[in-house]
Structure formats: structure tokens, C-alpha cells
Amino acid sequence: SDGSFQFSGVPAGRYELEMRGKTPGRIVEPLVEVGDRGQTRLNLLSAQQFVNLAIRVSTDDSIPRPQRLNVTVTFTPSSGETFRIAASGPVVEVLTASVPIGIQYDVSISGLPAGYKVKSLSEATIPDPSPNSAAGFAGVYKALSNDSLMITLTRSD
């Protein structure tokens with residue numbers, strides 16, 4: 001009655017979950033890794049519409065673009081919902097993420113080397129980082145349509 005269910009005896013491995021039913025939708029984080037000791041708890045969240053984001057990382061002209069750097073861009077709903085969506089890879093490539101549409105996200109980027117900080121997120125200026133912020137900056141992005149998200153880096157000093 002509460003929408004929960006249980007599987008037992010699932011062999012270890014990597015699985016992709018899908019949702020079928022009267023109402024179309026997709027699972028927010030469909031990949032599941034089941035270890036030898038099993039997955040003990042998994043919360044599935046679904047949305048009817050997703051936005052495909054192309055994430056590009058560039059620099060202003062104050063620093064060269066790092067060539068051998070892997071970064072992770074994480075989208076966390078500003079509303080406090082418990083899911084996170086991350087895109088990881090080399091900074092020289094276009095990263096992609098599929099996120100539920102119409103939600104405002106707090107965006108964080110990790111993996112930046114010393115001397116780099118985020119200057120802007122698309123066209124919005126990012127405020128100075130809080131000393132208590134593990135992410136190093138605070139950025140907000142609302143996913144409305146299939147789009148490119150541009151993250152611009154600058155010097156940290």
C-alpha cells in the first residue's frame with residue numbers, strides 16, 4: 001500500500017531498472033550495483049519529463065584550460081529532496097546529465113585543482129564561496145528545456 005516492495009536472491013552485478021505502468025515515467029537513478037552481501041535499501045524516484053543537459057567547462061582568459069582533469073558536476077534539488085544526479089569525466093569533454101524538468105537545483109563541482117574556482121554558471125555570477133562549503137561555491141540552476149550548461153573557471157586568488 002505504501003509502494004514498497006522487496007526482491008530476494010538477486011545475484012551480484014550491475015542492473016538498470018526501468019518502470020512500466022499506466023503512467024509513463026523514468027527512474028531518476030536507474031543503475032544499481034548489487035554486491036555479494038546484497039543491496040539493503042534502495043529508494044526509487046521517478047519523473048515524467050527529463051531535461052538532457054550538455055555540460056561544458058571552460059575558463060576565462062586568466063588561466064589555461066586544464067587538460068588532464070576529471071571533474072564531477074552534481075545536481076541536488078534545492079527543495080531538499082533526497083536524490084542527486086552527477087556527471088563525471090574529463091574537463092575537455094562535454095559531460096551529459098539527464099535531470100527531472102522544472103526543478104531548481106543546487107549545482108556543485110568537485111575535482112578542481114588548486115588555483116581554480118568557478119566564476120559563473122551559464123550567465124549567472126556565483127557568489128564568493130562560504131568557508132564552510134565543501135563544494136567550494138554555490139550555484140543554482142533551473143532545468144527547463146534541453147540545453148547547455150556552461151561552467152566558467154577562473155583563478156582562485
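Buried here denotes a residue with under 20% relative accessible area.

**Figure 1. Burial and surface of the predicted chain.** The model shown is predicted. Of the 157 residues in the chain, 32% are buried. The accessible surface of the chain amounts to about 10,500 Å², and carbon and sulfur atoms contribute 47% of that area.

**Figure 2. Strands and contacts of the chain.** The chain contains 13 strands and zero helices. Read from the N terminus, its order of elements is β-β-β-β-β-β-β-β-β-β-β-β-β. Among contacts in the chain with a separation of 6 or more, 64% are made by residues 24 or more positions apart.

**Figure 3. The salt bridge between Lys119 and Asp60.** One salt bridge is present in the structure. Its partners are the side chains of Lys119 and Asp60, with an N to O distance of 3.4 Å. Lys119 belongs to strand β10 (residues 116-121), whereas Asp60 sits in the loop between β5 (50-59) and β6 (70-77); the pair therefore ties together parts that are 59 residues apart in sequence.

Key:
Residues are numbered from 1 along each chain as its sequence is written. This is a predicted model: local features need pLDDT of at least 70, side-chain atom pairs count only at pLDDT 80 or more; totals for chains, interfaces and linings use all residues. Side-chain values use heavy atoms; hydrogens and water are left out. Helices (H or I, at least four residues) and strands (E, at least two) are DSSP runs, numbered from the N terminus. Buried means under 20% relative accessible area, exposed over 50%, partly exposed in between (1.4 Å probe, protein chains only). Contact means heavy atoms within 4.5 Å. Accessible areas come from the Shrake-Rupley method with a 1.4 Å probe; for residues, only the protein chains shown count as cover. A salt bridge is a side-chain nitrogen of Lys or Arg within 4 Å of a carboxyl oxygen of Asp or Glu.
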